[in-house]
Amino acid sequence: MIIAIDGPAGAGKSTVCKILAHRLGFVYLDTGAMYRAVAWAFKECPGGDGRQIEADPDQNQVMEMLAQTPLIFSLKQNRLEIYCGDRLLSEELRGPQISEAASRISRLPAVRQFLVGWQRKLAEQGTSVVAEGRDTATVVFPEADLKVYLTADLRTRAARRSAEYDEKGVKVPLGEMQKRIQQRDEADSKRDHSPMRPAEGAILLDTSHLEIEDVVDRLRGLAQNPAGTDSTAHKEL
């Protein structure tokens, strides 16, 4: 079974998908971490040059850089592990600079094609998957058994993301975070390749006024009865 959950930054995707996958015994596939890993690798791995790829996004050049980047994605104990050479990547992928760089490189068709290939390959290794990102239901797994689009109002999403950064010792004022997220929303929804949008037949779930456990419970209920969802029209939950 494949559950594909999309939505904008701060909607709660990562948190609820981790919990949902654990409770269902599914593989958790964080596609956003994969884009952040590419952004980090272009800057930090031997031969990487993040400034070059941002300034001159020639697709042949990007493909060559991807081929030379020693990134390896694998699944271990139902979780995604990302290595750059011998280095296991984790917290270095979560800072605001890498998130912003990931937003920029995610608009490049070569990067998206590269990672979509990996995401499908990884899904084939697990019997059941909870995949979250911005195009998992529209592009990566269009035939997913359950497709969900999580969202929340801008202020709520900004407050959540600011709180996440606060926990890591990174201070970003709420107003500045709202501006960043709004810019990210616009870039993701208007990009030419794989724009962020609800997939056909996706369940629309606004998490603005819901606790984490409420969202997880609703998603778990949907996962246990996917036949009860409409496969052609959006439905708000």
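What follows is a friendly conversation about this chain.

Modeller: First, a word of care: this is a predicted model, where local features need pLDDT of at least 70, side-chain atom pairs count only at pLDDT 80 or more, and totals for chains, interfaces and linings use all residues. Residues are numbered from 1 along each chain as its sequence is written, and side-chain values use heavy atoms, with hydrogens and water left out.

Biologist: How many helices and strands are there in the chain?

Modeller: Both kinds of element are DSSP runs numbered from the N terminus: helices are H or I with at least four residues, and strands are E with at least two. Counted that way, the chain has ten helices and nine strands.

Biologist: What percentage of the residues count as buried?

Modeller: Buried means under 20% relative accessible area, exposed means over 50%, and partly exposed lies in between, using a 1.4 Å probe and protein chains only. Of the 237 residues of the chain, the buried share is 49%.

Biologist: Are α2 and α5 roughly parallel or roughly perpendicular to each other?

Modeller: Helix α2 (residues 31-44) and helix α5 (residues 96-105) pack with their axes 8 Å apart, at an angle of about 100°. Axes here are lines fitted to C-alpha atoms, for helices over the stretch in contact, and angles run from 0 to 180 degrees between N-to-C directions. Angles under 35 degrees count as roughly parallel, over 145 as roughly antiparallel, 65 to 115 as roughly perpendicular and the rest as oblique. So α2 and α5 are roughly perpendicular.

Biologist: Which residues touch the most other members of the largest nonpolar core?

Modeller: A nonpolar core is a set of buried Ala, Val, Leu, Ile, Met, Phe, Trp, Tyr and Cys residues joined through side-chain atoms within 4.5 Å. The largest one has 42 residues, and α2 gives the most to it, with nine residues. The members touching the most others are L71, F73, I82 and V111.

Biologist: Is Q77 buried or exposed?

Modeller: Q77 sits in the loop between β3 (71-76) and β4 (79-84). Although Q77 is not a glycine, its phi is positive, about 50°. Its relative accessible area is 74%, so Q77 is exposed.

Biologist: And S194, buried or exposed?

Modeller: S194 lies in the loop between α9 (174-190) and β8 (203-206). Its phi is also positive, near 55°, in a residue other than glycine. With a relative accessible area of 11%, S194 is buried.
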